[in-house]
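Try each task before you read its solution.

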Amino acid sequence: MDRSRLLTLPLLALCLPAAAETGALDWHGSVLANYASRLGTTRHDKPPSGDFLLGEERLQLQLSGTAPGGGAGYFAKTDFLRDEANADSAVDVREAYLTYAKGSLDLRAGRQIHTWGVGDLLFINDLFPKNYAALFSGRPMEYLKTGAGSFKASVYSEKASLDIIATPAFEPDQFPTSQSFFLFDPFSQVTNRVESKPRHDLGNVELAARLSRPVLGFDAALYAYRGFFRSPSMEPDSITAPTKLTIVYPRLAVYGASLQGNAAGGVLSFEAGYYDSRQDIAGTDPLIPNSETRFLAGYQRSPWTDFTAGIQYYGEYMQNYSRYVAALPAGLPKQDHLRQLLTLRLTQFLKYQTWKLSLFSFWSPTDRDFYLIPEVSCHVTDELTAAVGANVFGGAHNSTFLGQLDKNDNLYLSMRYEF
Amino acid sequence: MTKTILQLMIAAALLTPASAAPATAQPMDAAGIVGKMQQAFFSPGDSFRARIKMTLKDVSGGERFRELTMLRVNMPGGDQKYFMYFHAPGDVRRMAFLVYKYAAKESDRWLFIPALNLVQRIAAKDSQSSFVGSDFSYEDVSGRNIGSDTHKLLREEELGGKPCYVVESMPKAAAAYKRKVSWIDKTTFMPLREEYYDVQDQLFREFSAEEIKEIDGIPTAMKRTMKNVKSGHQTVVEFSEAKYRLALKAEDFSERALRNPPGSWIK
């Protein structure tokens with residue numbers, strides 16, 4: 001990291017209180033210490049980074065303000081971090097955007113985090129960038145979502161609301177790397193790899209839209225997306241004797257809908273989306289994902305004070321399955337026609353909500369794999385929060401999404417002071 | 001002080017004739033008294049805004065704070081919409097909470113989590129759950145449906161020099177308490193004191209309205225306390241910058257406000 005930038009920080013901090021008094025600027029932030037260690041480590045065959053998945057300290061600064069007459073504003077949130085586990089220092093601009101509101105129109109331009117859809121840690125129509133490596137190694141939940149430089153326009157009317165988001169530069173989802181995680185890799189012998197991200201062309205601008213309105217007391221929404229699969233596909237130069245892999249992000253269009261509202265003493269959620277794989281419409285290319293219909297149903301309720309339980313059923317139904325099976329090269333693991341997943345979230349608050357016990361679990365009956373996140377967190381004071389938790393993975397096969405992470409169980413600790 | 005309160009009472013009687021039943025009038029039925037109390041306490045004025053400071057005190061003297069801005073607008077038919085924006089502490093800063101409260105069915109509730117830019121619906125059947133870790137439940141903040149309890153007028157007596165109706169309310173279905181006894185000011189219909197009894201008929205929770213001030217002609221509880229008698233934990237709620245009859249539109253209580261709260265609302 002640029003040292004001069006670090007030096008400007010204390011100076012900035014000195015200037016801030018004076019500016020804050022004018023009421024034009026609001027500044028806050030936090031210091032986070034976050035550590036994670038592998039559990040049940042193997043003596044041999046360790047990933048290059050060793051037992052520690054995270055050893056980082058972060059200073060987060062948030063600045064925001066609004067124009068005296070209203071209408072315009074800005075928000076910026078930047079992390080300055082040092083990660084001992086990866087011997088890395090960095091500046092991470094999490095969000096930095098400008099806002100303008102007039103009448104029934106809201107505009108927002110810059111690096112921003114977008115979230116929509118009704119799933120709980122399951123995303124169908126939310127096709128915005130995510131950092132699964134952060135989730136799997138025990139960073140706080142906010143780090144699952146990453147900002148994207150984008151332009152958002154929202155139009156509100158009594159009938160419906162419309163959001164349109166344009167993202168010029170594609171950013172892939174971040175997955176753990178073999179540097180610190182044990183992962184399934186069907187082409188592990190091929191070390192010559194090139195990543196080919198969609199070029200920064202006008203034709204590659206990602207577009208996402210949502211039209212929403214209440215329907216009979218439920219929140220109803222329609223979604224559309226045009227862009228790219230955010231998880232990579234690997235293209236070998238030869239299927240039988242590959243020497244080079246190109247990591248690509250094939251074109252994708254998604255059309256979906258969601259519905260959420262009160263029912264049966266709790267909150268009921270439904271969401272579905274059709275994933276149209278634009279570069280493999282026939283479904284015959286084994287290296288590009290086939291088109292799929294994804295859907296989920298969820299129910300959440302609070303049977304007793306300060307306790308909430310939520311369950312979800314999620315499915316991915318592959319179109320043109322017989323063509324996929326016929327085209328699949330020997331030796332590559334076969335996906336199911338209907339991949340299913342169940343999730344359960346339990347949350348209990350104790351002692352005036354200063355303690356929180358939570359468990360999130362994924363379990364797939366078709367992949368026969370699972371992922372558990374038990375966590376205990378405590379508000380030591382209003383400012384200081386400490387959390388201890390674990391990421392526990394397992395499965396019958398090492399080629400499934402969660403099963404491949406079997407040997408990466410880890411325990412994490414995070415402490416955060418907010419000011 | 002007494003004179004001020006007397007002036008307030010007279011002013012209130014003049015300004016709100018509907019709720020100004022003189023102490024000597026015919027005894028009202030208990031449900032009618034509770035109805036007037038709910039009107040006076042939870043929904044006076046067409047709309048309302050206040051900055052709220054909550055102090056959570058534990059028995060060993062430790063204190064925690066919550067600061068928020070609350071807006072309310074009344075809808076036809078007794079429905080209400082609430083919007084709450086949190087200023088502090090840091091872990092809830094910029095969070096916003098939207099409630100559509102219905103007279104006849106469970107509330108709709110949405111929470112905005114700024115770090116994820118996420119609007120999340122919250123399970124509704126937790127009206128007894130603690131409001132942001134305080135001694136107040138969601139129900140204490142926005143009111144309990146009047147038909148959920150049977151009400152009985154126990155007696156009439158003075159509390160702190162003010163003539164009160166003493167009303168007992170017993171939940172028809174299972175609730176956090178077995179019975180509640182309320183001292184309701186005969187003039188302003190404000191609840192001055194409430195006692196909650198558990199299944200063993202032991203007092204476990206006490207509410208008191210310590211400071212009632214007239215704002216825009218409406219008696220308003222500017223300071224109130226809920227104390228857990230058994231644990232010694234208590235929460236003091238103080239209102240400031242209170243204002244009634246604002247130019248708020250019901251349709252502004254929306255997802256847009258959760259994600260981008262209007263500056264004029266949360267200042």
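**Exercise 1. What percentage of the 419 residues in chain A do buried residues make up?**

Solution. Keep in mind that this is a predicted model. Start with the cut-off: a residue is buried if 20 or more other C-beta atoms lie within 10 Å of its own. By that count, buried residues make up 28% of the 419 residues in chain A.

**Exercise 2. Check whether the overall dimensions of chain A fit a compact globule.**

Solution. First, look at the extent: the C-alpha trace of chain A spans about 70 × 60 × 50 Å along its principal axes. Next, take the radius of gyration, which is 23 Å for chain A; a compact globule with 419 residues would have one near 22 Å, so the value agrees. Finally, turn to the contacts in chain A with a separation of 6 or more: 57% of them come from residues 24 or more positions apart.

**Exercise 3. Trace the sheet that contains S8, S12 and S11 of chain A.**

Solution. Chain A has three helices and 21 strands, and we need three of those strands here: they form an open sheet in the order S8-S12-S11, with mixed pairing. The edges are S8 (193-196) and S11 (233-236) of chain A, since each pairs on one side only. From one strand to the next, the twist averages 25°. Now zoom in on S11(A) and S12(A) (residues 245-248): they run antiparallel and are joined by four bridges. Within this pair, Met234(A) stands opposite Ile247(A).

**Exercise 4. Find the largest nonpolar core and see what supplies it.**

Solution. The largest nonpolar core has 17 residues, and Phe83(B), Met84(B), Tyr85(B), Ala96(B) and Leu98(B) touch the most other members. Strands S2 (63-74), S3 (80-88) and S4 (96-101) and helix H4 (255-259) of chain B each supply at least two residues of this core. Take Leu98(B) as an example: leaving aside neighbours within four places in sequence, it is in contact with Phe83(B), Trp110(B), Phe253(B) and Leu258(B). There's also a second, separate core of 16 residues, including Ala30(B), Val34(B), Val167(B) and Ile184(B).

**Exercise 5. Decide where to be careful when reading chain B.**

Solution. Chain B averages a pLDDT of 87, with 89% of the residues scoring at least 70. Then check residues 1-25 of chain B, where the pLDDT is below 50; this stretch has 21 contacts in the model beyond near neighbours in sequence.

Note on methods
Residues numbered from 1 in each chain as written. Chains lettered and ligands numbered in written order. Predicted model: local features only at pLDDT ≥ 70, side-chain atom pairs only at ≥ 80, totals over all residues. Pairing = 2+ DSSP bridges. Axes fitted to C-alpha atoms, helices over the stretch in contact; angles between N-to-C directions. pLDDT = per-residue confidence, 0-100. Contact = placed C-beta atoms within 7 Å. Rg over C-alpha atoms; globule rule 2.2 N^0.38 Å. Buried ≥ 20, exposed ≤ 12 C-beta atoms within 10 Å, placed from the backbone. Core = buried A, V, L, I, M, F, W, Y, C linked by C-beta atoms within 7 Å.
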